[in-house]
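Hi everyone, thanks for coming. I'd like to walk you through one model today, so please have the sequence and the structure open while I talk.

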Amino acid sequence: MAAGKTRDAIIIGAGISGMYMLYRLRELGMSAQVFEAGTNVGGTWYWNRYPGARFDSESWTYGYSFSKELMQEWDWKEHFSPQPDTLEYLNHVAEKFDLRRDIQFRSTVTAAHWDEAANQWTVTLENGEKTSARLLFTAIGILSAYTLPAIPGRSSFKGPAYHPARWPHTPVDFTGKRVGIIGTGATAIQAIPEIAKQAKQLTVFQRRPNWAAPLHNAKISKEEMEEIKSRYKEIYAHCATTPSWFIHQADPRKTLDVPPEEREAFWEKLYAEPGFGIWMGNFRDILVDEKANAAISAFIADKIRQRVKDPKVAEKLIPKDHGFGARRVPLESGYFETYNRDNVTLVDVINDEPIECITPNGVKTSKQEHEFDILIYATGFDGVTGAFDRMDISGTNGLKLKDAWTESPRTFLGMLAEGFPNMLMVLGPHTARGNIPQAIQHSVEFQTGLLRHMQENKLMRVETRPEQVDDWTETVIKAAEPLLSSKVDSWQTGVNRNVEGRQVRRVLGYNGNGAHFRRKTDEVAKGRYKEFIFQ
Ligand code: NAP
């Protein structure tokens, strides 16, 4: 449908969130228009096509669970699905539920303004087209506003330069090429081993190292997939009870209460197992207690020393400014061994060779000019609020969302913001996250319940009560206080040195127990949404 017509709802984004929201709105008999910047569905999995991109959560907990038929007909091929398979899955979902007919691609939303008199939102696209609807859903992801490094001379580089979140649709051939990559976050940790296999020379520019642990990916056999399918109900029910909605549950023991030998044996077991167990299935205090955290950090540091042959390089790869798990732990496949290759060099840009500028030929540090054929900026995202900041969103009385959230996002349950009626956020700031698709589904289902309540009671407008926003904001901030991760700069604490005004830590997610979050949302629904103001 062309922009300009009126529908009940506008959804921004056709990733996992927008696709599911569309499906549910149709079920409610509502008409919706989705605007998507890309040329197809998939969101994160549409954009991030870099080599090595894959889930680091178990594939069979990452799909939609709303349709038994979909679950039973889809075979995941690997325990941690590679990006092309995931994108294929999302395309399959779009086909199966005929979603594309309500999605307008190549349509970047630049503004969304609430019109108090008309009781509706007007959304403006990059090309100036405008569309209005009573309801607005933001389904824009938490890691979609990618950021390039604030290094002088960036545009002067004469070879191709890529950010992994805008990777070309045709594979990049690194054969015989000298490649430079800036950044060592989860993205780079997946890409580096793959690029190193092809490139003539790969130089990694590392500012701060990240802790990482083995992914241990494996193919899923037909029999195994059948067995997983037979247990789906149980698997999803179990995830709903864990703090982060993954399969992993923390061990109830405290680290230092466990005798050292038993502790080591437990950690060896976790390190040898696939997935996030080492982070989320570990002793319950490793993410809050400094001493417990120091012990697990020492264990992981030794693993890095064992895996990297050059002790100087190994030391450089061991984080010294934060403990294990205090930033989101990337899971890797041969990342550390990559530094044992002759064609890979690690450059420490903090202690050894600060980057001065990008030149037409490569990267100039304080010591030398590194020449490259290809440059990769794996420099991350303006997390969570970045995608909101990139749109001009205004609510009642022309209140700008960016101004309302200068110091901290202010929401109720991460789903509605004060002063922005009828704007519902899927995966908004201050919501529970963890296993993202499960968080998305929970959020969409809560919002569907709220809309059904509105339909049944002929209500046209929903807003949060200011006191609920105050309470929720305080709950979220309190939940983050005990966590070691709150004391560390990362996208999760809202720090991005490449973005002006993003140097101060903020709480951006609900870091309490996901099961408690579910309970809270269930109570709101059971109480017939009395926390909201309706008209
Ligand atoms: P990131 O974790 O924020 O890493 C960005 C990297 O770039 C950091 O090493 C950062 O250094 C470096 N950097 C930024 N600006 C720089 C500059 N000007 N000079 C030098 N270095 C610079 O971003 P990411 O790797 O894209 O990952 C973001 C998140 O995406 C992850 O935490 C994860 O949640 C998600 N992700 C998930 C998967 C998956 O599911 N498999 C895969 C990839 C990503 P500092 O650390 O010093 O800032």
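**Two helices side by side**

Let's start with a helix pair. The axes of helix α15 (residues 436-456) and helix α17 (residues 514-526) come within 11 Å of each other and cross at roughly 10°. Axes here are lines fitted to C-alpha atoms, for helices over the stretch in contact, and angles run from 0 to 180 degrees between N-to-C directions. That crossing makes α15 roughly parallel to α17; angles under 35 degrees count as roughly parallel, over 145 as roughly antiparallel, 65 to 115 as roughly perpendicular and the rest as oblique. On the α15 side the contact is made by Gln438, His442 and Phe446, and on the α17 side by Phe517, Arg518, Thr521, Val524 and Ala525, where contact means heavy atoms within 4.5 Å. Sorted by class, this contact of α15 with α17 has four nonpolar, three polar and one charged residues. The classes put Ala, Val, Leu, Ile, Met, Phe, Trp, Tyr, Cys and Pro as nonpolar, Asp, Glu, Lys and Arg as charged, and the others, Gly among them, as polar.

A word on where this comes from: it is a predicted model, so local features need pLDDT of at least 70 and side-chain atom pairs count only at pLDDT 80 or more, while totals for chains, interfaces and linings use all residues. Residues are numbered from 1 along each chain as its sequence is written, and side-chain values use heavy atoms, with hydrogens and water left out.

**The whole chain**

Now let's zoom out. The protein chain has 17 helices and 22 strands; these are DSSP runs, helices being H or I with at least four residues and strands E with at least two, numbered from the N terminus. Its C-alpha trace spans about 70 × 55 × 45 Å along the principal axes. With 535 residues, a compact globule would have a radius of gyration near 24 Å, and the protein chain, at 23 Å, agrees with that. The radius is taken over C-alpha atoms, and the globule rule is 2.2 Å times the number of residues to the power 0.38. Of the 535 residues, 58% count as buried, meaning under 20% relative accessible area, with exposed over 50% and partly exposed in between (1.4 Å probe, protein chains only). Among contacts with a separation of 6 or more, 71% come from residues 24 or more positions apart.

**Strand β5 and its neighbours**

How many of the six residues of strand β5 are buried? Five of them are, so β5 (residues 120-125) is largely enclosed by the rest of the structure. Strand β4 (residues 109-115) pairs with β5 in the antiparallel sense over six bridges; two strands pair if DSSP finds at least two bridges between them. Trp114 has Trp121 in β5 as its bridge partner. The hairpin of β4 and β5 has four residues between the strands, and Asn119 takes a positive phi near 55° there.

On to β6 (residues 130-138), which pairs with β5 in the antiparallel sense over four bridges. Here Trp121 stands opposite Ala133. In the hairpin of β5 and β6, again with its own turn, four residues lie between the strands and Gly128 takes a positive phi near 95°.

**Two open sheets**

Five bridges join the parallel strands β8 (residues 178-182) and β9 (residues 201-206), and Val179 has Leu202 as its bridge partner in β9.

The other has three strands, β13-β14-β15, and antiparallel pairing. β13 (355-358) and β15 (369-371) are the edge strands, and the twist averages 25° from one strand to the next.

**Two loop residues to look at**

Most residues other than glycine have a negative phi. His430, in the loop between β20 (423-425) and α15, has a positive phi near 75°, and His430 is buried with a relative accessible area of 0%. Tyr529 sits in the loop between α17 and β22 (532-534), with a positive phi of about 60°; Tyr529 is buried too, at 7%.
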